Amino acid sequence: MRIKSGATSPRRVGHTTRALRISMALELAARSSAFYLARSVPALARRAASARPAAASVRASPIAVRAMASSTPSSPDDPVDFSRFKGATFEVPTDAKYTMADQPARFAKGKAENNARMLTTDYFDGSFLKDARVLVTGGNRGIGLALVKELVACGANVIVTCRKSNDEIDGMAPAVQVIEGVDVTDTESVKAMTRALDAPVDVLINNAGYFYEPVETIENMAFDEELKMIDICAVGPLRVASALYNAGLIAKPGGKIAMITSQGGSVSWRVVQNPTGHDFGHHMSKSAANMGGVLLAQELGPRGILVQMLHPGFNKTGMTKKYEHIWEVEGAVDASVGAKRVLHEIGLMTPERNGLFINCEDGLQIPW
Ligand SMILES: NC(=O)c1ccc[n+]([C@@H]2O[C@H](COP(=O)([O-])OP(=O)(O)OC[C@H]3O[C@@H](n4cnc5c(N)ncnc54)[C@H](OP(=O)(O)O)[C@@H]3O)[C@@H](O)[C@H]2O)c1
């Protein structure tokens, strides 16, 4: 199967020669100049006004497939055929090892096939976690809290790091050690975290994350928020991993680092999941987290510590509350299910699978 965004023929993209690309670029430049010279200011203003609702209408989901036209339709006073101008056009890898980019179709297929791996957690066996020392960042709520509860149920010794504790996790002592005041953007607080640990962890789950609420578009970029997302989601896991590793606090050999990133970080999948762009900071932060994870895998794999990037699936948490209207259409699950899926994949981490990017919904890979 081939999936593309916009109407450009995949064959044409696949066989475009360098010369053709240059001529296309020249033609595009010429037409763009003609367009700008020919246009009246009111026409430009009308186009800008009509573009705004289109941007707002794609608020729906970074997870959802929105096969919307990415070009603005021509108007009577617009001599340029905008139907030729498409969004990013490249092919999505669809080998059998990859999970499906189209999330509603993926969920529908799972239901049609009664796929137990996707629809149940019957396969989950957490016995490998008994007595393991597992550190979860952002373990005070959402998927992090669900992971902590499941880990306790499996007999693990859990270390929760968070900015602010609450009665629920405090009440889980002594199975849970809570280290409060750990902000993954604050290197000193992360270093202080290591001083509260008295033995190496077997598993580090870099779970803490942040997704700015409003939709970012070219008209509506929040640069400070972009940097904040990148700091929390991409640099944060490196702060935690390096502080632990350099303090000798990740078991080796045999330690595991799970990077909870997101399918939103797959560049290949943007043309299916977000054919009209948007959510710059979030998706950039998760792509960067994936890259950081691969580099960690390269450095730490030979030292006996495994790293994987895990998309936890679509979970009903505070982060995705803004997508509540599509929770049921796209297979969103309670975070307790998401936690089992994540822990299952951590159990499957082996040297042969080091550095992979996995969709915990079905265990298949996500292309970069
Ligand atoms: N939910 C989904 O469907 C979904 C899908 C794909 C990926 N993910 C990823 O899964 C992870 C958990 O998501 P979630 O849905 O559970 O989100 P959530 O409910 O919003 O929880 C986010 C967690 O991250 C913590 N956090 C945020 N900024 C932090 C910082 N600077 N330092 C330390 N902790 C910080 C939060 O702590 P505070 O309470 O202090 O804010 C909270 O514990 C995230 O990495 C997210 O991107 C989720």
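Tyr 98 is in contact with Pro 93, Leu 364, Gln 365, Ile 366 and Pro 367, leaving aside its neighbours within four places in sequence. Contact here means that the C-beta atoms of two residues, placed from the backbone, lie within 7 Å. This is a predicted model: local features need pLDDT of at least 70, side-chain atom pairs count only at pLDDT 80 or more, and totals for chains, interfaces and linings use all residues. Residues are numbered from 1 along each chain as its sequence is written.

**Tyr 98**
- Tyr 98 sits in the loop between helix 3 (41-57) and helix 4 (103-112). Helices (H or I, at least four residues) and strands (E, at least two) are DSSP runs, numbered from the N terminus.
- Tyr 98 counts as partly exposed because it has 18 C-beta neighbours inside 10 Å. A residue is buried with 20 or more other C-beta atoms within 10 Å of its own, exposed with 12 or fewer, and partly exposed in between; C-beta atoms are placed from the backbone.
- Phe 357 is 259 residues away from Tyr 98 in sequence, yet the two are 9.9 Å apart in space, C-alpha to C-alpha.

- Strand 4 (residues 203-206) is covered on both faces. Val 203 and Ile 205 are buried on one side, Leu 204 and Asn 206 on the other.
- In a regular strand, side chains alternate between the two faces of the sheet.
- Strand 1 (residues 133-137) pairs with strand 4 in the parallel sense over 3 bridges. Pairing requires at least two DSSP bridges between the strands.
- Strand 5 (residues 256-260) runs parallel to strand 4, joined by 4 bridges.
- From strand 4 the chain crosses through helix 9 (residues 223-246) to strand 5, a right-handed β-α-β crossover. Right-handed means that, with the strands pointing away from the viewer, the path from the first strand over the helix to the second runs clockwise.

**Ligand shell**
- The ligand is surrounded by 27 residues, the closest being Gly 138, Gly 142, Ala 208, Gly 209 and Thr 317. The cut-off is a C-beta atom, placed from the backbone, within 6 Å of the molecule.
- Helix 6 (residues 142-153) gives the largest share of the shell, 3 residues.

**Whole chain and confidence**
- The protein chain has 12 helices and 7 strands. Of its 368 residues, 39% are buried.
- Mean pLDDT is 84, and 79% of residues reach 70 or more. pLDDT is the predictor's confidence in each residue, from 0 to 100.
- Residues 1-71 have pLDDT below 50; beyond near neighbours in sequence, this stretch has 86 contacts in the model.
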